[in-house]
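Please open your viewer and get the selection tool ready.

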Amino acid sequence: MNIKIESDDRRNEKDEERVPLLRNSEVPEAERNLIQKAISQTFQSTAHLANLLPTGTVLAFQLLSPIFSNVGNCDSVSKAMTAALVSLCAASCFLLCLTDSFRDNKGNICYGFATLRGLWVIDGSTTLPPQLAAKYCLKFIDIMHAVMSVLVFAAIALFDQNVLNCFFPAPSTEIQEILTALPVGIGVFGSMFFVVFPTQRHGIGFPLSTN
């Protein structure tokens, strides 16, 4: 009886044949000019920054922005509506960073606002024990996270061409340089801040904890 033993290299080659590759060797590399590279980098930066914000707020902004701004062709009414949208989304980012969640003894998820005395539950009548409520008290770092979330959202809003065309239809060279560099600077600083001081809360619109 003959027993065939495949080498590790041969086995890996077969596994690679079964699994689709993330890059297609048959498709040539896409050639991009400087403008296309900048646009691609903008899309990637927007995606990374969006992970630091409440999901619902970002989706609402991306959905309503072209509608409220008339795809960047703003009149006085569209400009007011776009300004209101940006303001409401920024306020939402700030407030939702001050929310948190917990599970009761049946595994149900409850949400609330962090206060100086604990967690104010907004979707139930459960009262947390004093020792557990103390863990959810509002801290200075929570305010910093909320402020930084507003700045990150402002960076995403500045990446949006509809918003830019609405408020800055014909920017000067200096303004254009500021509008190009400012969102990138805010994004880098915000990403570093959230890496160094990660949030421990799992509020509304953020990933839930497994505990």
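The stops below follow a predicted model.

**Stop 1: the disulfide.** Select cysteine 74 and cysteine 166 and show their side chains: a disulfide joins the two, with an S to S distance of 2.0 Å. The count for this model is one disulfide. It links distant parts of the chain, 92 residues apart. Cysteine 74 sits in the loop between α3 (55-68) and α4 (76-96), while cysteine 166 belongs to helix α7 (residues 161-167). Now check the torsion about the S-S bond: it is about -110°, so the disulfide is left-handed.

Are the two partners buried or exposed? Cysteine 74 is partly exposed, at 24% relative accessibility, whereas cysteine 166 is buried, at 3%.

**Stop 2: other cysteines.** Select cysteine 97 and cysteine 93. The closest cysteine sulfur to that of cysteine 97 is in cysteine 93, 6.7 Å away, which is too far for a bond; the cut-off is 2.5 Å. Cysteine 97 is buried, with a relative accessible area of 10%. Move on to cysteine 110, which is also buried, at 6%.

**Stop 3: a helix pair.** Select helix α6 (residues 140-159) and helix α8 (residues 173-196). Their axes come within 9 Å and cross at roughly 150°, so α6 runs roughly antiparallel to α8. The crossing is left-handed.

Finally, show side chains at the contact. From α6, pick residues including Ile141, Met148, Leu151 and Phe159; from α8, residues including Leu182, Ile186, Phe189 and Phe193. By class, this contact has 16 nonpolar, three polar and no charged residues.

Conventions:
Residues numbered from 1 in each chain as written. Predicted model: local features only at pLDDT ≥ 70, side-chain atom pairs only at ≥ 80, totals over all residues. Heavy atoms only, no water. Helix = DSSP H or I, 4+ residues; strand = E, 2+ residues; numbered from the N terminus. Buried < 20%, exposed > 50% of the residue type's maximum accessible area, 1.4 Å probe, protein only. Axes fitted to C-alpha atoms, helices over the stretch in contact; angles between N-to-C directions. Parallel < 35°, antiparallel > 145°, perpendicular 65-115°, else oblique. Left-handed = near helix turned anticlockwise from the far one by under 90°. Contact = heavy atoms within 4.5 Å. Nonpolar A, V, L, I, M, F, W, Y, C, P; charged D, E, K, R; others polar.
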